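This briefing covers selected features of a single structure, which is a predicted model. The points below are grouped by topic.

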Amino acid sequence: MSVFRIEGFVGEGRNTAAAIAQFLSENPDTAEIVVNSPGGDAFEGSAILAEIERHGRVSIRIEGVAASAASLIAVGGATIVMHAAAVMMIHEPASISWGSSAVHRKSAEVMEKLTDIYARAYSRATGNPLELVKQWMADETWLDASEAVALNFADQVEGEAGQDAPIAAVFNYTKFKDPPALFVELVSKHGWATASPAEIEKEKRNA
């Protein structure tokens, strides 16, 4: 089975809807996408979800982390397998705006609409009530593999959490509201909070 890996930020490098659409068109029968991403561009995440759902026969394998936009991508799979050491996170999409109060209000309106779109997608994929999903998103909810399966965000758990488990994608996880302690430790251990983009890219290549 052909495999496409989403590593790092959604919307950067090959982690785009255009690249995934091409991959899926070349594999019309079955395909696998491996996800290890802290998220990224919310709109690109929505576009990738659409491509995966349109194909209809994509297996998703989560290694390390599927957070934010990456978790939206993940729930589009026909089957979703999480490594025992992986985590998934859902939250309300965020953005940075600059300008007048009218600009900020417009940005807030866009984020509210995008939050509703994400919530409906999660609810449709998992069968959980929309309002409950919205509350989980507002709370920034982190799920380990067994919790994800219990709440229908994944279908099964693979492997055992241990020394050989896949490491989470390089990212400053302290930017999130309530990241797991293990991820905070990774940020401190590897210097991801203060590393330059070039240093982060170098660590990705050497990981």
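Leaving aside residues up to four places away in sequence, A119 touches L130, V133, K134 and M137. A119 itself belongs to helix α4, residues 101-126, and is buried, with a relative accessible area of 0%. Since the model is predicted, the values that follow are computed from its coordinates.

- The C-alpha atoms of A119 and P129 lie 9.5 Å apart in space, while the two residues are ten positions apart in sequence.
- Helix α5 spans residues 130-139, and its buried residues are V133, W136 and M137. These residues lie on the same side of α5, because they cover an arc of only 100° around the axis.
- Two of these buried residues of α5, V133 and M137, are also among the contacts of A119.
- Helix α5 is followed by E140, which has a positive phi near 55°.

**Strand β3 and its neighbours**

- Eight of the ten residues of β3 are buried, so that the strand is mostly covered.
- Strand β2 (residues 31-37) pairs with β3 in the parallel sense over six bridges, and E32 has S59 as its bridge partner in β3. The chain passes from β2 through helix α2 (residues 42-55) to β3 in a right-handed β-α-β crossover.
- Strand β4 (residues 79-83) is joined to β3 by four bridges, and the two run parallel. The bridge partner of I60 in β4 is I80. The β-α-β crossover from β3 through α3 to β4 is likewise right-handed.
- Strand β5 (residues 87-90) also runs parallel to β3, with three bridges joining them. Here V65 has V87 as its bridge partner in β5.

- Most residues other than glycine have a negative phi.
- S68, which is not a glycine, has a positive phi of about 55°. S68 sits in the loop between β3 (58-67) and α3 (69-74) and is buried, at a relative accessible area of 12%.
- N152 likewise has a positive phi, near 70°, and is a residue other than glycine. N152 lies in the loop between α6 (145-150) and β7 (156-158) and is partly exposed, with a relative accessible area of 45%.

**Aromatic pairs**

- F9 lies in the loop between β1 (3-7) and α1 (17-26), and F171 in the loop between β7 and α7 (181-190), so the pair ties together parts that are 162 residues apart in sequence.
- F9 is partly exposed, with a relative accessible area of 25%, whereas F171 counts as buried at 12%.
- Y118 and Y122 form a pair with ring centres 6.2 Å apart and planes at 80°; the pair is therefore edge-to-face. Y118 and Y122 are four residues apart in helix α4, which means that about one helical turn separates them.
- Both tyrosines are buried: Y118 has a relative accessible area of 2%, and Y122 has a relative accessibility of 0%.
- One aromatic cluster is formed by F9, W142, F171, Y173, F176, F183 and W192.

Terms used:
Residues are numbered from 1 along each chain as its sequence is written. This is a predicted model: local features need pLDDT of at least 70, side-chain atom pairs count only at pLDDT 80 or more; totals for chains, interfaces and linings use all residues. Side-chain values use heavy atoms; hydrogens and water are left out. Buried means under 20% relative accessible area, exposed over 50%, partly exposed in between (1.4 Å probe, protein chains only). The arc is that of the directions from the helix axis to the C-beta atoms. Contact means heavy atoms within 4.5 Å. Two strands pair if DSSP finds at least two bridges between them. A crossover is right-handed if, with the strands pointing away from the viewer, the path from the first strand over the helix to the second runs clockwise. Rings of Phe, Tyr and Trp (its six-membered ring) pair if their centres lie within 6.5 Å; planes under 30 degrees apart count as stacked, over 60 as edge-to-face and the rest as tilted.
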